[in-house]
2 protein chains.
Amino acid sequence: MAVQLSREQFYEISPADFFYRNRDIAGFSNPARALYSAIRELVENSLDAGELVRQPPDIYVRLTCDGEKGEEGANICTLRVEDNGSGVPARHIPQAFGQVFYGSKYRLRQTRGTFGLGGTMAILYGQITTNSPVRVVSSADGKRIHDYTLMIDIRNNRPIVLKHQVFSNHDGWRGTIIETKLEGDYSRAMPKILEYFRQTAIVAPYANLTFVDPKGRLYRFERVTENMPKPPEETKPHPYGIDVETMKRIIASTQCRDMVSFLREHFHKIGRITALKFLEFAGIPPRRRPKRLSNDEIVRLVKAMKKFNGFRAPSADCLSPLGVELFKAGIVKELKPEFVSVKQRPPSVYSGYPFIVEVAVAYGGGIPRTGDILLYRFANRIPLLYDEASDVSWKVVHQLMNWRYYKVDPSTDPVAVFVHVCSTKIPYRSVGKEFIADVPEIEREILNGLREAARELSLFLSRKIAVQKEKQRLDIFEKYLPKIARFSAELAGRKPPDIKPLLKSVIKYGLEEEKEG
Amino acid sequence: MAVQLSREQFYEISPADFFYRNRDIAGFSNPARALYSAIRELVENSLDAGELVRQPPDIYVRLTCDGEKGEEGANICTLRVEDNGSGVPARHIPQAFGQVFYGSKYRLRQTRGTFGLGGTMAILYGQITTNSPVRVVSSADGKRIHDYTLMIDIRNNRPIVLKHQVFSNHDGWRGTIIETKLEGDYSRAMPKILEYFRQTAIVAPYANLTFVDPKGRLYRFERVTENMPKPPEETKPHPYGIDVETMKRIIASTQCRDMVSFLREHFHKIGRITALKFLEFAGIPPRRRPKRLSNDEIVRLVKAMKKFNGFRAPSADCLSPLGVELFKAGIVKELKPEFVSVKQRPPSVYSGYPFIVEVAVAYGGGIPRTGDILLYRFANRIPLLYDEASDVSWKVVHQLMNWRYYKVDPSTDPVAVFVHVCSTKIPYRSVGKEFIADVPEIEREILNGLREAARELSLFLSRKIAVQKEKQRLDIFEKYLPKIARFSAELAGRKPPDIKPLLKSVIKYGLEEEKEG
């Protein structure tokens, strides 16, 4: 960055340099927000790494801050995140952690990470605020442990390996440990960090999360189940979502020598018959070699893919929703509501990407009355905590749902709404992964899900009101029946009758109703 | 993107590929939003290009959509943007338009562009949705006109020049014409696009903006002044904002052979005496060669820069605010309010970046009653139209200002608030440049500015109420005085007196007050 004052200079910058200059857009705007983002990005990588190998995650996060001040004037903190996940293959460690836009997340598969950016960004932020390297210890094969000390060459977007040691792995340990220094303002970030862990515990009730904060306080979120959702699978792209650029890339890499095998090999669930029908529709000979297609034919092929009606809908096999039971377990564990209804919507599709929406509506119990509906948002099992009002779920909850219709008064009732969107591609509108675009298909699914769940809440509330009335009626019986009995008995000059059986029968009916609620 | 289903593959993607995969984060989520973003990015480049050479911008935008459908199922549109600005030097055209992270905006200077991304992103989106090249015609020297037809090699993030012609420029024309095809949904995007032009006309009242929409309707926003704000200058970095990474880059590029000249040459307003004092403070010998500094010394130098109190505050010379007069002219031109108060705050600083906040509060006239305060947000003369609730200004207007104190009832009064932040670096929180982070220093300046302006509004409103009362009083005079006069005259049996002069004197007083308002 030579400072020269001549007119209009043009130059190129590397991706690392871009994010170095614009850390705000990746969620690293200040020492509080950056601390939150760093923890979140590393924990999410750890959760992904656990799910990849179906290992219930044990994640240990320790943050220590000494008195020293960093570049931004806040404390220098040391962040250590340990997991028992898949580990990172040794040869990929330097680039996976020391290069922006290098990663394993650029595929059609449901993962928390999408941009291949978060972990590296945390390390980059640490480096620019404390000028210290990061240490990455990992074993992916259970045989050897690799211990790297790295920095990032920001200008060239390349890792610099300062030290690399290999140890034999006597215990067969698998997992990854990352230790990085960064500037952080824990006192300001604390509420969001704790909320992040709490909400992560809701959507990952199969994970043990331990967090030791700079004051030595231990926060532990224990798993309530060993059941994990089935792991996400990679999917082939659906023909509907293909553009010319992607088609050209597939053609460049294919080994197929005719169009039928090409379609069957590279696209989502195309069989021989569908392939032949489609090729007739597109006017491309089945025997044609894919690599010989002209530019015009490629464009025609792609256009035909969007128009052809004979493809199977994208399947949700590659998605890994939480499921009603797990979602419910997580909500009950953390909020202990009086009532909860969880709904999973059937798989749906936007722009060729499959997605599933899961929603829940909970009432009472540990849910505070805040004067408005509490909204918990999750995407591919990530809690989203910032910029709520820009999210599609906020729009549905606050603008599209008519809560009064479901007997809910948002301003007084203790109601919480949970929305979980999972997809091979979440349409985030920020690099910081904070809010989801209002894609019409997703919006509609959230709305339909919430209506279903709210109907059940409405029934519960009706019954609750009925039970309350019943209780009032019983209270009156209990109060006056003995008096009437005694009075009548005295009047008749007889012993008062035993009214307990009578009362009991009435009470029993009421209690039964209450149990149903 | 070979689809292979083996475990954990890692790979690198280019910046163009990153934004190709994640166009949502750059504001290109769907054909409506993308059309808005494309127009906006190209118009902003044109405005910057005009201001650079102090040429009042004439910008002509034409959008035509034929019936053909594109990749996303919306219409294929042709967008043409012409300007009379600086032009782009021929040798930079291919990369400036065909490569992500290549540009002239990566400097400490107030420009609309920040990320060097917008124009290229518009072209990239056009290419992936219509598979067509872009045409760029430009003359930067007034001698030759270069006409390029380009595509982007997305995988490698490099331009592909399909055609390049050079013409001699008989009329000495300067400027740039860009013509690109892209998929767009004009009917959905129209309101935002027109609002964008209208608000741009408010902050750039010295520009002629012409927009011809797909139905052939012409929207013209004419300049009301030839006065342009002084052009933004590039500034040297302030020592307070330097981190180790930047320091290393400056050292790598410096020609200076001792620390005193090094400090004077590369940093913001450091004189000889300050340099010597600072070096003593930092414990670094003045004669030291910058390139010989050890890593530890560099860290010490940077730390000392943050602690040393003797540097001059960053100056706002490099900023180019609108100024009270221009801002007012823009607001009056577009909204014709009954009252407007514009305030410019003194220059201030966050993280070493200078900034200036300008605010305005307007009342009545063309401002509609919407049940809430209308908020217009601008940053470096860009109108920001999306995600209002995530912006720092929204927080100030809706959470920090106590409007009742200023006699304003937000739910009934026709009040509009305008906030313009200009800085060498706007802390945007999204690549789409839609909202500004709540940096405490900026928040405080907006609040103080609004309080100043609201005090004036409050005075105006008090006077307005007084005038209204006065009017009521006059109405009563006018109604009853003649009657009383006639009645008294009749009673006395005399001719009624001429009461006009009496009435007039009272009315005059009232009218004067009204004029003052």
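In this predicted model, eight strands of chain B form an open sheet, and reading across the sheet gives the order β7-β6-β5-β8-β3-β2-β9-β10, with mixed pairing. At the edges stand β7 (158–168) and β10 (218–221) of chain B, each of which has a single partner strand, so one side of each is left without a neighbour in the sheet. Direction ignored, neighbouring strands of this sheet are turned by 15° against each other on average.

Strands of a sheet pair through backbone hydrogen bonds, either parallel or antiparallel, and examples of both can be followed here. Strand β2 of chain B (residues 58–69) pairs with strand β3 of chain B (residues 75–83) in the antiparallel sense over seven bridges, and within this pairing Lys69(B) stands opposite Asn75(B) in β3(B). β3(B) also pairs with strand β8 of chain B (residues 175–184), again in the antiparallel sense, over nine bridges, and there Asp83(B) stands opposite Thr176(B) in β8(B). By contrast, β2(B) and strand β9 of chain B (residues 208–212) run parallel and are joined by five bridges, with Ile59(B) opposite Leu209(B) in β9(B). Helix α4 of chain B (residues 118–130) packs on the sheet, where it touches β3, β5 (134–139), β6 (144–153) and β8 of chain B, and its direction makes about 40° with that of β8(B).

We can now turn to the place where the two chains meet. Here 53 residues of chain A are in contact with 53 residues of chain B. On the side of chain A that touches chain B, the elements that give two or more residues are β1 (11–12), α1 (15–21), β4 (102–103), α6 (244–253) and α9 (295–307) of chain A, and α6(A) gives the most, with six residues. Sorted by class, this side of chain A has 26 nonpolar, 15 polar and twelve charged residues.

Which residues of α9(A) are buried? They include Leu301(A), Val302(A) and Met305(A), and because these cover an arc of only 90° around the axis, they lie on the same side of α9(A). What covers the buried residues of α9(A) includes α6 and α8 (272–282) of chain A, whereas the face turned away from the buried side carries the exposed residues Asp296(A) and Lys307(A). The helix α9(A) has 13 residues and reaches 19 Å from its first C-alpha to its last, close to the 18 Å expected at 1.5 Å a residue.

Key. Residues are numbered from 1 along each chain as its sequence is written. Chains are lettered from A and ligands numbered from 1 in the order in which they are written. This is a predicted model: local features need pLDDT of at least 70, side-chain atom pairs count only at pLDDT 80 or more; totals for chains, interfaces and linings use all residues. Two residues are in contact if their C-beta atoms, placed from the backbone, lie within 7 Å. Helices (H or I, at least four residues) and strands (E, at least two) are DSSP runs, numbered from the N terminus. Ala, Val, Leu, Ile, Met, Phe, Trp, Tyr, Cys and Pro count as nonpolar, Asp, Glu, Lys and Arg as charged, and the others, Gly among them, as polar. The expected span of a helix is 1.5 Å times one less than its number of residues. A residue is buried if 20 or more other C-beta atoms lie within 10 Å of its own, exposed if 12 or fewer, and partly exposed in between; C-beta atoms are placed from the backbone. The arc is that of the directions from the helix axis to the C-beta atoms. Two strands pair if DSSP finds at least two bridges between them. Axes are lines fitted to C-alpha atoms, for helices over the stretch in contact, and angles run from 0 to 180 degrees between N-to-C directions.
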